[in-house]
Amino acid sequence: MTPNHGGKRDNAGRPKGQGPHGESTKPIRIPLSRVEAVKQFIRTGRTIRIPLYSNSIPAGFPSPADDHIENHLDLNDYLVQNPSSTFMVRAVGDSMIGAGIHSGDVLVVDRAITPTNGKVVIAAVDGELTVKRLEIHQDHLCLIAENPKYPPIRVSESQDAVIWGVVTNVIHAV
Amino acid sequence: MFALVDANNFYASCERLFRPDLAGKPIIVLSNNDGCVVARSNEAKALGIDMAIPYFKVKQCCYQHQVHVFSSNYTLYGDLSARVMTLLEMGCPNIEVYSIDEAFLQVDDQSFDGLIPWAEKQQQIIKQHVGIPVSIGIGKTKTLAKVANHIAKTILRQPVCLLDQPEQWLSRIPVDEVWGIGKRWGRKLQALGIINAQQLANTPYDYLRKHFNVVLARTALELQGQSCLALEAMSEPKKNIVASKSFGQKQIDFTPIAQALSTHCARACEKLRTQSGVANYLHVSLKTNRFSDQLQYHPHMGIKLPIATDDSRMVIAYAKKILGCLYKPGFKYHKVGVMLGDIHPRVFKQNSLLSSSQPMSQDSEPLMAMLDQINRRYGRHQIYLAAMGMQKQTWKMQSNRKSPAYTTCWQSLAKVY
């Protein structure tokens, strides 16, 4: 046995507090879905959210609403499931008016979602991005407008068309 | 095992994402101020357009072959890069983001046989979720992972390459293609008869240490499969911060140069504050264009700041004093730059005995924090110091061919029909 080998060595390693944070750090467990939010929090120092209830508390008398504050409303939570694969685009024209998409609306597009039959998708057809409803047939795809003025676009193997992403939400100002 | 994930022609791929009409078309991206070519699509490479060549030399060729030319759009590239890195981190938490378009992953927890399917899945996820094509090279060391990536891209032309038997390949890799070996070392090695990567791997450690240095000796060990370079998980805080850009037009007068310098100082201080540092050293340089036949003048000067600071106002004040010493009328200036050095974490900041006599130190922290917060929230240069100039500025960079900030600006969203 060599008692001098192994184990802790005093004063070994880099001095504490010299990393990018300028102070001592400790590892903690974070749910994967919240990693970005925590990083963002550390970067900016804080996040700004609108509380559902905001109460001034009279001394000695707890507000009955306090127990009911459960969360803050964040539109990102509501509209964006996968931040890394979500893009916003702007609709132009009235070809999807039947699906509630007006000219000038912002569309939330998630590229992580598999384009299945009936989804509203962004497709690249002949070098242009277009929003249409996807119909999957045995030997071809169809891109259907939700406006009788526009004929369906039949996409055959040879044609230059790629499904770019799946539309999850429409942001429409009234 | 290490994996190197590298986006293919990253800037060109970014420009294509919202422009399906550019699929299969030649694209080049120009450096700051539209000076040189910094990225090329495969189609542009095939036309013989070299990396880093000044744009004016290939302008005719671009016109003739209808090459799509873009000014660099770092807002877009930065956003797409962050998305790629986030996805990679979800697939493998041991990640070192090496540059805007490259990351090393340590993949020891993957079974060896599972590495190729795992890498192919990562590649597909990034292609589908962000729309950026990447190549993944896997090897026993970081240097071999780099070699594997090079093989995937240029020889196999497939997304993934696992280098389990490097000996078969290394003799086909020119020595100056190996990671960390530049043109200069490449020439020196070739003169010594070390032409390819296998020959470098076979060169004894002591010989390389003696004739070059320990870095190259380690590179040879890494090529043999002995890992010397670990993953650098957290990027070290920068010891120096540089902000320097050439002017849109040549400048003769003091005022616009001082405005440009003030803008660079403000940018450098903003970077300094994001890493919670304070600088002790300030260096200013002024340059005429070395490539013109005009009268040349390249003065520079550095000073130790009286107290360590991250305050834009103080840095600008001293930088302008230095510029006052450097500036001489009669030259056509091309570039002004600032460097902050001797950077320490803010917690260790020591107040000078005299600092109480300097009024700006009292309110500095909250004011600078507010400045950064407003500019982060509402866009850069929403509020700024008057020293940076108010009118339309001729010193501003040229970026005439910039694509919209598709992912970061509501006014610039891609249109769908």
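User: Which residues is B:Lys328 in contact with, leaving aside its neighbours within four places in sequence?
Analyst: Those are B:Tyr297 and B:Tyr333. Contact here means heavy atoms within 4.5 Å. Keep in mind that this is a predicted model, where local features need pLDDT of at least 70, side-chain atom pairs count only at pLDDT 80 or more, and totals for chains, interfaces and linings use all residues. Residues are numbered from 1 along each chain as its sequence is written, chains are lettered from A and ligands numbered from 1 in the order in which they are written, and side-chain values use heavy atoms, with hydrogens and water left out.

User: Thanks! Where is B:Lys328 found in chain B?
Analyst: Look at the loop between α13 (312–326) and β12 (333–345). Helices (H or I, at least four residues) and strands (E, at least two) are DSSP runs, numbered from the N terminus. B:Lys328 has a relative accessible area of 43%, so it counts as partly exposed. The cut-offs are under 20% relative accessible area for buried, over 50% for exposed, and partly exposed in between (1.4 Å probe, protein chains only).

User: And how far apart are the C-alpha atoms of B:Lys328 and B:Phe254?
Analyst: They are separated by 8.5 Å, although the two residues are 74 residues apart along the chain.

User: Zooming out, how many helices and strands does chain B have?
Analyst: Chain B has 14 helices and 13 strands. Of its 417 residues, 48% are buried.

User: New topic: how many salt bridges are there over all chains?
Analyst: A search of the whole structure finds twelve. A salt bridge is a side-chain nitrogen of Lys or Arg within 4 Å of a carboxyl oxygen of Asp or Glu.

User: Why can side chains pair like that?
Analyst: Side chains of opposite charge can do so when their charged atoms come close.

User: Which side chain does B:Glu43 meet in a salt bridge?
Analyst: That of B:Arg16, at 2.9 Å from N to O. This pair links distant parts of the chain, with B:Glu43 in helix α2 (residues 42–46) and B:Arg16 in helix α1 (residues 10–17), 27 residues apart. B:Glu43 is partly exposed because its relative accessibility is 26%, and B:Arg16 is partly exposed too, at 23%.

User: What about B:Arg83, buried or exposed?
Analyst: B:Arg83 counts as buried, because its relative accessibility is 10%. B:Arg83 forms a salt bridge with B:Asp79 (2.9 Å, N to O). Both lie in helix α4 (residues 74–91), four residues apart, about one turn of the helix.
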